[in-house]
Amino acid sequence: MRITGRPAALLASAAAVSALAALAGCTVQPQDTDAKHGLPVHIQLPSSPAAAPTGMAGTTPTTPTTPTTPTTPTTPPPPATTPTPAAPPAPPPRVLWAHGSSGPAVRELQARLRQVGWLSATPTGTYGPQTVRAVLGFQAKRGLPATGRLDTVTWQRLLAMTHRPTRWELYPMGGQPAAAPDARCMTGRVLCIDKTSRTLRWMIDGRTVDTLSVRFGTQYTPTREGVFKVYWKSRHHVSTLYHSPMPYAMFFSGGQAVHYSADFAARGYAGGSHGCVNVRDEAGIARLFAQVKVGDKVVVSR
């Protein structure tokens, strides 16, 4: 069937519009049956970002988003460490005394070694072979370096095991320093005897000529104190009461005399006399006996 005239032109126009709408992406409202115009044609270009009005069939395309990958925080590397240098070896303990040393400190060392049974000899104040052997034994027994020399470590260990020596532990056989002389000894020729320091000074006009260690009577036979004079000298005397030898005897009060004592030389202050003043140094008492004269003063004080 062939259509001519105006209807054909309208159909051709509608086809053209549909083709344009298809190309432009728009929505076309068809005409009604009476060929009247319907709603106006709305065209949305692909590049337009505007959203379609309400009631329209078209929609605004959304731009797809690219998902982001979460980043893991990076841990900073540990700081570089400098190697700690090795500590230098500890220095050896300082040596306090060794063979050949002498003095009051060595005497104290010897007295303390006697307390723990490592030295049997009397303290002399001189670091000799017996002291070396005693220190060696003490060190070896306690796992210390056995050198025979008294160092600071050995000394501290010995101090911890002993008490401070008494005067007579330091001088069990004599040799202790003399006390200051009694005022009554400062004039003339005097045997100045001090019970506290256990010493005898031989003095002439206030000057000390010689000093000797002495021992006195016991509790029940004490040596008398006071000022006396030498009234008799007996070189080879023997006691008529006790039948004991009293060489170099110089009598000053009854039967009491200054004389040499072999017992004092052997046992020291472990014993005592029957009231006499004992001297343990035989050479010393011999010198004294040769100088002292009958009539010389004797002062016994405490």
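This is a predicted model: local features need pLDDT of at least 70, side-chain atom pairs count only at pLDDT 80 or more; totals for chains, interfaces and linings use all residues.
**Notebook: a first look at the fold**

I started with the secondary structure: the protein chain comes to seven helices and 11 strands (DSSP runs, H or I of at least four residues for helices, E of at least two for strands, numbered from the N terminus). Residues are numbered from 1 along each chain as its sequence is written, and side-chain values use heavy atoms, with hydrogens and water left out.

**Burial.** I looked up how much is tucked away: of the 302 residues of the protein chain, 33% count as buried (under 20% relative accessible area, with exposed over 50% and partly exposed in between; 1.4 Å probe, protein chains only).

**The sheet.** I traced nine strands in an open sheet, in the order S6-S11-S3-S4-S5-S10-S9-S8-S7, with mixed pairing (two strands pair if DSSP finds at least two bridges between them). S6 (226–229) and S7 (232–238) are at the edges with a single partner strand each, so one side of each has no neighbour in the sheet. From one strand to the next, the twist averages 30°. I then checked S8 (residues 245–253) against S9 (residues 256–260): they pair in the antiparallel sense over three bridges. Serine 253 sits opposite glutamine 256 in S9. Helix H7 (residues 282–291) packs on the sheet, and I found it touching strands including S3 (189–194), S8 and S10 (277–279) (contact means heavy atoms within 4.5 Å).

**The disulfide.** I found one disulfide in the structure (a pair of cysteine sulfur atoms within 2.5 Å). Cysteine 185 and cysteine 192 form it, with their sulfur atoms 2.2 Å apart. The link is right-handed, with 80° about the S-S bond, and both cysteine 185 and cysteine 192 are buried.

**Aromatic rings.** I got seven aromatic pairs (rings of Phe, Tyr and Trp, the last by its six-membered ring, with centres within 6.5 Å; planes under 30 degrees apart are stacked, over 60 edge-to-face, the rest tilted). Tryptophan 97 and tryptophan 155 have ring centres 5.2 Å apart and planes at 90°, so I logged the pair as edge-to-face. Tryptophan 97 lies in strand S1 (residues 95–97) and tryptophan 155 in helix H4 (residues 152–161), so the pair ties together parts 58 residues apart in sequence. Tyrosine 248 and phenylalanine 289 are also edge-to-face, at 5.7 Å centre to centre and 75° between the planes. Tyrosine 248 is in S8 and phenylalanine 289 in H7, so this pair joins parts 41 residues apart in sequence.

Definitions and conventions
Axes are lines fitted to C-alpha atoms, for helices over the stretch in contact, and angles run from 0 to 180 degrees between N-to-C directions.
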